[in-house]
Amino acid sequence: MSNKSIISTENAPAAIGPYSQAVKAGDTVYLSGQIPLDPATMEMVTESFEAQAVRVFENLKAVAEAAGGSLNDCVKLTILLTDLDNFAAVNEIMSRYFTAPYPARAAYAVKALPKGADVEVEGVMYLG
Ligand SMILES: C=C(N)C(=O)O
């Protein structure tokens with residue numbers, strides 16, 4: 001019997017492609033990358049980088065909770081930015097959502113992100 005399940009919540013944006021919001025495999029949950037889509041409207045948040053980053057972490061939090069955990073169960077995050085000048089801002093906003101000990105993390109600048117987003121965050125949670 002498979003110990004894999006799909007996580008789905010209306011509190012985070014629906015997938016915009018052929019993927020799930022998260023997949024739970026045993027005690028590990030793989031959270032798809034979140035971009036700043038408002039789950040209520042499926043419109044992009046565009047007013048500022050800070051507003052985008054808050055939306056992204058709110059979305060990730062909703063998926064983490066739908067999976068039966070919280071953001072503090074994340075063991076690894078990947079942050080994708082279109083401009084590394086936003087590195088300090090994303091660190092500050094991330095620090096509102098996590099308490100030490102923090103997850104492992106990588107941050108990258110990329111050429112572009114879906115829907116013109118300036119930030120995307122994906123994660124891995126461990127619920128064991
Ligand atoms: C937004 C995404 N996670 C995607 O397109 O894969």
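## Buried or exposed: a starting point

A residue is called buried when its relative accessible area is under 20%, exposed when it is over 50%, and partly exposed in between, using a 1.4 Å probe and protein chains only. By that rule T9, at 12% relative accessibility, counts as buried.

## About the model

This is a predicted model, in which local features need pLDDT of at least 70, side-chain atom pairs count only at pLDDT 80 or more, and totals for chains, interfaces and linings use all residues. Residues are numbered from 1 along each chain as its sequence is written, and side-chain values use heavy atoms, with hydrogens and water left out.

The predictor's confidence in each residue is its pLDDT, on a scale from 0 to 100. Here the chain averages 98, and 99% of the residues score at least 70. For the complex, the predictor gives an ipTM of 0.93 and a pTM of 0.97.

## Around the ligand

Which residues are around the ligand? They are Y19, G33 and E120, where being near the ligand means having a heavy atom within 4 Å of it. A polar backbone atom of G33 is 2.9 Å from a nitrogen atom of the ligand; a polar contact is a pair of N or O atoms within 3.5 Å, and within protein one must be able to donate a hydrogen and the other to accept it, with residues adjacent in sequence counting only if both atoms are side-chain atoms. On its own, the ligand has 220 Å² of accessible area, and the protein covers 74% of it. Such areas come from the Shrake-Rupley method with a 1.4 Å probe, and for residues only the protein chains shown count as cover.

## T9 and Q21

Let's return to T9. Both T9 and Q21 are found in the loop between β1 and β2, with β1 spanning 4-7 and β2 spanning 22-25. Helices (H or I, at least four residues) and strands (E, at least two) are DSSP runs, numbered from the N terminus. Q21 is buried, with a relative accessible area of 7%. A polar atom of the Q21 side chain lies 2.6 Å from the backbone nitrogen of T9, and the backbone oxygen of P13 lies 2.8 Å from a polar atom of that side chain.

Contact here means heavy atoms within 4.5 Å. Leaving aside neighbours within four places in sequence, Q21 is in contact with several residues, including I7, Y30, L31 and V63. Not counting residues up to four places away, T9 touches Q21, A62, V63 and A66. The T9 side chain also reaches the backbone nitrogen of N11 at 3.0 Å.

## Helices and their salt bridges

How many salt bridges does the structure hold? There are two, each defined by a side-chain nitrogen of Lys or Arg within 4 Å of a carboxyl oxygen of Asp or Glu. Side chains of opposite charge can pair when their charged atoms come close. K61 pairs with E65, with the closest N and O atoms 3.8 Å apart. Because K61 and E65 are four residues apart in helix α1 (residues 49-66), about one helical turn separates them. K61 is partly exposed at 31% relative accessibility, and E65 is partly exposed at 44%.

E92 forms a salt bridge with R96, and here the closest N and O atoms are 2.8 Å apart. Both lie in helix α2 (residues 87-97), four residues apart, about one turn of the helix. E92 is partly exposed, with a relative accessible area of 40%. Back in helix α1 is Q52, which is buried at 4% relative accessible area. Among its contacts beyond four places in sequence are P36, V45 and V119.

## Loops and backbone details

P114 sits in the loop between β5 (104-109) and β6 (119-126) and counts as partly exposed at 37% relative accessibility. Not counting residues up to four places away, P114 touches I16, I35, M44 and E120. E120 is also one of the residues around the ligand. K115 is found in the loop between β5 and β6 as well; K115 is exposed, at 54% relative accessible area, and has a positive phi of about 60° although it is not a glycine.

M42, in the loop between β3 (28-34) and α1, has a positive phi near 60° too. M42 is partly exposed, at 32% relative accessibility. Finally, a cis peptide bond joins A100 and P101, with omega about 5°, and P101 lies in the loop between α2 and β5.
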